[in-house]
Amino acid sequence: ALVHFPIGLLVVAGMLDLTAATFGRTQRSPAAKTCLWLGLLGALAASGSGWLYAEVNPPGRLLEETLFYHRWLGVAAAGTAAMSWLLYLISRGGERPGPRRSSRVCLFACLVVISVGGHLGGEMVYGEDFLGEPIQGVLALLGASADQPVAAEADPAADATPGAAERQVADPSADQGDVGGAAAAALARASEGAALFADHVLPVFVARCYECHGEQKQKGGLRLDRADGGLFGDAGLIVPGAPDDSALVQAISLPADDLDIMPAKGDPLSAEEIDAIRRWVALGAPMPGA
């Protein structure tokens with residue numbers, strides 16, 4: 001209510017101003033003035049509270065840049081709304097054409113800023129494709145996706161983790177028993193890690209993580225339902241073989257009263273669940289299948 005209601009008020013004010021300008025009216029209607037004034041107050045409250053909320057509950061380091069622009073666009077929206085109101089006062093109720101036109105320009109600029117800032121906010125909450133995915137679903141229902149290439153089915157026995165090829169060791173002559181000690185140890189670790197993931201780690205991801213980091217929503221830009229969903233790489237959320245250096249393990253191991261503990265909702269993970277994830281990461285974090 002604090003965020004979206006002021007947006008609606010400012011949009012209505014802009015529509016009324018556009019209508020007035022279309023018909024050559026110099027005076028801003030009482031409805032437009034009321035919507036602009038209330039929308040301005042709401043925008044100031046929304047940008048201020050949003051700024052503070054991000055300090056308490058940041059969306060994650062993968063979205064630091066998006067948060068930066070979202071914050072400042074919120075401030076810019078409140079600023080342009082305030083400038084529109086001030087210029088209207090200077091125009092003496094629309095009698096002075098210069099400030100009157102500038103007031104309308106500021107209001108329309110405010111709506112553009114709100115649109116961009118709101119889109120970035122949606123990306124932080126629902127993921128980067130939150131607009132495109134529903135459209136693609138509709139097109140698929142209409143048969144428009146028939147010409148799209150179909151992704152090859154993943155081999156359930158394959159390790160889809162980025163860098164898996166470097167972590168797994170396979171000897172072509174393994175079926176003949178000619179496997180060195182190091183290779184055999186590596187294969188045993190990979191097999192143990194894969195079984196641990198399937199039996200203990202994946203169920204935790206499904207039950208406790210997918211709500212915020214799954215197909216429908218990717219808070220912090222992180223997906224746990226895909227091997228390429230941001231777990232590995234530059235983000236360093238998982239460092240294969242090094243659980244103490246993995247941000248994911250650190251986050252689930254925080255004290256229950258820590259604001260950064262994961263999962264953010266519900267009870268903390270049990271000691272057994274945390275230990276299973278730690279051992280899985282220590283074994284190289286294999287993720288069999290896609």
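Modeller: A residue counts as buried when its relative accessible area is under 20%, as exposed when it is over 50%, and as partly exposed in between. The model is a predicted one, and the labels below should be read with that in mind.

Biologist: What makes Ser-91 buried or exposed?

Modeller: The relative accessible area of Ser-91 is 0%, and because the limit for buried is under 20%, Ser-91 is classed as buried. Ser-91 is placed in the loop between α3 and α4, and, leaving aside its neighbours within four places in sequence, it is in contact with Arg-96, Pro-99 and Arg-100.

Biologist: How do you know whether Gly-122 is buried or exposed?

Modeller: Gly-122 has a relative accessibility of 8%, which is set against the limit of under 20%, and therefore Gly-122 counts as buried. Gly-122 lies in helix α4, and once its neighbours within four places in sequence are left aside, Gly-122 is in contact with Gly-127 and Phe-130. Gly-122 and His-70 are 52 residues apart in sequence, with a C-alpha to C-alpha separation of 9.9 Å in space.

Biologist: Why is the pairing of Arg-28 and Asp-17 called a salt bridge?

Modeller: The closest N and O atoms of Arg-28 and Asp-17 are 2.5 Å apart, and because a side-chain nitrogen of Lys or Arg has to be within 4 Å of a carboxyl oxygen of Asp or Glu, the pair qualifies as a salt bridge. Arg-28 lies in the loop between α1 (4–22) and α2 (30–56), whereas Asp-17 is in helix α1, so the pair ties together parts that are 11 residues apart in sequence. Arg-28 is buried, at a relative accessible area of 5%, and Asp-17 is also buried, at 0%.

Biologist: What makes Glu-211 and Lys-265 a salt bridge, and what accessibility class does each partner fall into?

Modeller: Their closest N and O atoms are 3.3 Å apart, and because the limit is within 4 Å, Glu-211 and Lys-265 form a salt bridge. This pair links distant parts of the chain, with Glu-211 in helix α7 (residues 181–213) and Lys-265 in the loop between α8 (247–252) and α9 (271–282), 54 residues apart. Glu-211 has a relative accessibility of 56% and counts as exposed, because exposed requires over 50%; Lys-265, at 47%, is partly exposed.

Biologist: How many salt bridges does the search of the whole structure find, and what can be said of Arg-278 and Asp-244?

Modeller: The search finds five salt bridges, including the one in which the side chains of Arg-278 and Asp-244 meet, at 2.6 Å from N to O. This pair links distant parts of the chain, Arg-278 being in helix α9 and Asp-244 in the loop between α7 and α8, 34 residues apart. Arg-278 counts as partly exposed at 28% relative accessibility, while Asp-244 counts as exposed at 52%.

Biologist: Why are α2 and α3 called roughly antiparallel?

Modeller: The axes of α2 and helix α3 (residues 64–90) come within 9 Å and cross at roughly 155°, and because angles over 145 degrees count as roughly antiparallel, the two helices are given that label. Their crossing is left-handed. Residues that meet across this pair include Leu-36, Trp-37 and Leu-40 in α2, and Trp-72, Val-75 and Ala-78 in α3.

Biologist: What is the relation between α1 and α4, judged by the angle of their axes?

Modeller: The axes of α1 and helix α4 (residues 97–126) come within 10 Å and cross at roughly 140°. That makes α1 oblique to α4, because only angles over 145 degrees count as roughly antiparallel. α1 passes α4 in a left-handed crossing, and among the residues that meet there are Ile-7, Leu-10 and Asp-17 in α1, and Leu-107, Phe-108 and Ile-114 in α4.

Note on methods
Residues are numbered from 1 along each chain as its sequence is written. This is a predicted model: local features need pLDDT of at least 70, side-chain atom pairs count only at pLDDT 80 or more; totals for chains, interfaces and linings use all residues. Side-chain values use heavy atoms; hydrogens and water are left out. Helices (H or I, at least four residues) and strands (E, at least two) are DSSP runs, numbered from the N terminus. Buried means under 20% relative accessible area, exposed over 50%, partly exposed in between (1.4 Å probe, protein chains only). Axes are lines fitted to C-alpha atoms, for helices over the stretch in contact, and angles run from 0 to 180 degrees between N-to-C directions. Angles under 35 degrees count as roughly parallel, over 145 as roughly antiparallel, 65 to 115 as roughly perpendicular and the rest as oblique. A crossing is left-handed if the near helix is turned anticlockwise from the far one by less than a right angle, and right-handed if clockwise. Contact means heavy atoms within 4.5 Å.
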